[in-house]
Amino acid sequence: MRAGPSQEEIRRQNLGALLRFVHVRGQISRAELTSELGLNRSTIGALTAELAAVGLVSEEAPRETGRAGRPSLVVRASSEQVYAYAASIGVDRISAARIGLGGVIMDRREAERPAEDVVTPLREFIESMEAGVGPGARCIGAGVAVCGLVRRADGVVRLGPHLGWLDQPVGAELREKLPDLLPSVVVGNVADLSALAEHTRGSAQGCSNIIYVYSDVGIGAGIIAGGRRVTGHGGYGGEVGHMVVNPNGRPCGCGSRGCWETEIGEESLLRHAGRTGQLGRDAVLAVVDAAARGDAEAQAAVRHVGDWLGFGVANLVNIFNPELVVFGGTMRDVYLASAAQVRSRLNHNALAACREHVRLRTPQLGDDAALLGAAELAFEQLLADPLG
Amino acid sequence: MSDTTAPPLLELRGVNKSFGPVHVLRDVDFTVRAGEVTALVGDNGAGKSTLVKCISGIYTSDSGEVLVAGERVHIHGPRDAAHHGIEIVYQDLALCDNLDIVQNMFLGRERLSGIILDEPSMEELAQKTLAGLSVRTVKSVRQLVSSLSGGQRQTVAIAKAVLWNSRLVILDEPTAALGVAQTAQVLELVRRLADNGLAVVLISHNMNDVFAVSDRIAALYLGRMAAQVKTTDVTHAQVVELITAGRSGSLGLQPEEAL
């Protein structure tokens, strides 16, 4: 029989729980922490003191509360003092940010994605942001969101179809360039990490079963089931863009035919709108805009995509029975412009029991979700063992 | 998610309204729940505006009952409606261009500190309200409304309606005059109002807007409530049929009723 957890384990567990709470929920009084975490007052006091001693949280007297009695101290994450770097590698653009504990974006940089080497510009971004850091602050690592298949074990990007990548150890390369600054670099898929961010502090807060459909050039999904991220055996799960929805459809870049991506992706929308040759986010938004202004061809294109979007979402809803489906990236605008089609297909094709409580939503964090999710990944180790 | 056991926030039973010989509303039943967006749809002249004006106290209904949170009330004017927590954002927004955001939000209901205006507290409350709605597009609450874009004006008008501890906000075509990006922002704001626990009535002709944010759809047809359905149960085609013909299969008015 295994002995119960040791004092040390319990303490580590509680420290992590408290730090995570402050990290996710923002500043909070000791009194509220006591009731939220179900620990007694002196334990909360001791735990906060330990976290404050290593500079992870700070405590201060609150402003006038207008109530009787001595006010409880307010605990907040030291966003200025403890931070991670986050990077997002999209098809068109790369971005990087310095994100403080508590999920506060302190600084950010963005540029077009260079065709060849993305690690050098990312290093330059990080170095220039590092110059603005105050004294005594510490970097706990970096997280990178990539639109591609990422091996969970070592963060190697196995395949980035729209980046033209094959087996790219982008995390290791970035760490090699900045060995003194970055103790670790973790890599994840952009849809997974956006879902994580929306789940932690966005529109999916408090939901345990969500699907975040993300579209850049291709389509991917971040899936959270039972409160846990579903990334599969190797970390490659959630590639919903490559489920075959139309066996008689067009060939897909992956080698298959009629993948969901070939019906609802950027290329499909632009082709149906008669705008072949154009690419990128602005071109997609131009079609949505033209549809709203009455351009018949653009309207037909948006309806076509909305229809197929509904088919796929109906399948996903039947399989996962989520409470929330979030449409991110350019899919946000396409969804809002075709919500009638999407909802109609979903209501028609999904099983009533699976779909009755599903809400379709747009993200709350917008384009910051990928960066915030990457930072979340980087903070994970710290939150699991704050003093480790 | 709304609490289905609580009485609906607003319930109309058998409301009638005539203007002379024109019978505009015929025995209209209408239910609005807290935490939900109820879309009110119907063709031009179906009675949407009249129904909303009966709720807001601009018109008095000829017969019928109005219940707010389960209690029977009499609404004889806009002040009665405001007293029950019902606020309306009209299509023209009713904002004053020459005043700033705070002045607009408190127009006619200014806070006083002694005999002078309590500017700091009004400013703080305006800021708090905008922040509570996650509005990031407005830089300063002291900006003149004339300097705002269409979407920002709509946002201010909605924030003004939310400020008064309102429980029901009625929005008349909030996205009609907006571009795509601003429409998206306003739709997200409408959704957030309901997610924050308010009851929202959205009047719109745009089926995409209706399907994007609503939980229930109420379709008026020639002054009658054709059907009030859950958005998760119907298709676009069915709603269009309800609007244009008053019925769709087993939904809506049956032939002998739909004169």
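Please keep in mind that the model is predicted.

The largest nonpolar core holds 187 residues, and the members that touch the most others are A:Ala86, A:Val144, A:Ala374, B:Val200 and B:Ala219. Helix α10 of chain A, residues 296-320, gives this core its largest share, 11 residues. As general background, nonpolar side chains tend to be buried together in soluble globular proteins. To see what such a spot looks like, find A:Ala374. Apart from neighbours within four places in sequence, A:Ala374 is in contact with A:Ala86, A:Ala87 and A:Ser88, with A:Gly143, A:Val144 and A:Ala145, and with A:Gly188 and A:Leu193. Two of these partners, A:Ala86 and A:Val144, were also named among the core members that touch the most others.

Why does α12(A) count as largely enclosed by the rest of the structure? The reason is that nine of its 11 residues are buried. They run through A:Ala339, A:Ala340, A:Gln341, A:Val342, A:Arg343, A:Ser344, A:Arg345, A:Leu346 and A:Asn347. The cover over these buried residues draws on both chains: it includes α10, α11, α13 and β16 of chain A, along with α7 and α8 of chain B.

The pairing of α10(A) with α12(A) deserves a look of its own. Their axes come within 7 Å and cross at roughly 35°, and the crossing is right-handed. On the α10(A) side you will find A:Arg303, A:Gly306, A:Asp307, A:Leu309, A:Gly310, A:Phe311, A:Val313, A:Ala314 and A:Val317, which meet A:Gln341, A:Val342, A:Ser344, A:Arg345, A:Leu346 and A:Asn349 of α12(A). Sorted by class, this contact has seven nonpolar, five polar and three charged residues.

Now for the meeting of the chains. Here 16 residues of chain B are in contact with 18 residues of chain A. On the chain B side, α6 (180-195), α7 (207-213) and α8 (236-245) each supply at least two residues. That side of chain B has eight nonpolar, six polar and two charged residues.

Helix α2 (residues 30-37) and helix α3 (residues 41-53) of chain A have axes that come within 9 Å and cross at roughly 115°, which makes α2(A) roughly perpendicular to α3(A). The residues in contact are A:Arg30, A:Leu33 and A:Thr34 from α2(A) and A:Arg41, A:Ile44, A:Gly45 and A:Thr48 from α3(A). By class they are two nonpolar, three polar and two charged residues.

Helix α4 (residues 119-130) and helix α5 (residues 170-177) of chain A pack at about 50° with their axes 10 Å apart, so they are oblique to each other. A:Val119, A:Leu122 and A:Arg123 of α4(A) make this contact with A:Val170, A:Glu173, A:Leu174 and A:Lys177 of α5(A). It has four nonpolar, no polar and three charged residues.

Finally, turn to B:Tyr90 in chain B, in the loop between β6 (86-89) and α3 (101-105). B:Tyr90 counts as partly exposed because it has 15 C-beta neighbours inside 10 Å. B:Ile115 lies 25 residues from B:Tyr90 in sequence and 32 Å from it in space, C-alpha to C-alpha.

Definitions and conventions. Residues numbered from 1 in each chain as written. Chains lettered and ligands numbered in written order. Predicted model: local features only at pLDDT ≥ 70, side-chain atom pairs only at ≥ 80, totals over all residues. Axes fitted to C-alpha atoms, helices over the stretch in contact; angles between N-to-C directions. Helix = DSSP H or I, 4+ residues; strand = E, 2+ residues; numbered from the N terminus. Parallel < 35°, antiparallel > 145°, perpendicular 65-115°, else oblique. Contact = placed C-beta atoms within 7 Å. Nonpolar A, V, L, I, M, F, W, Y, C, P; charged D, E, K, R; others polar. Core = buried A, V, L, I, M, F, W, Y, C linked by C-beta atoms within 7 Å. Buried ≥ 20, exposed ≤ 12 C-beta atoms within 10 Å, placed from the backbone. Left-handed = near helix turned anticlockwise from the far one by under 90°.
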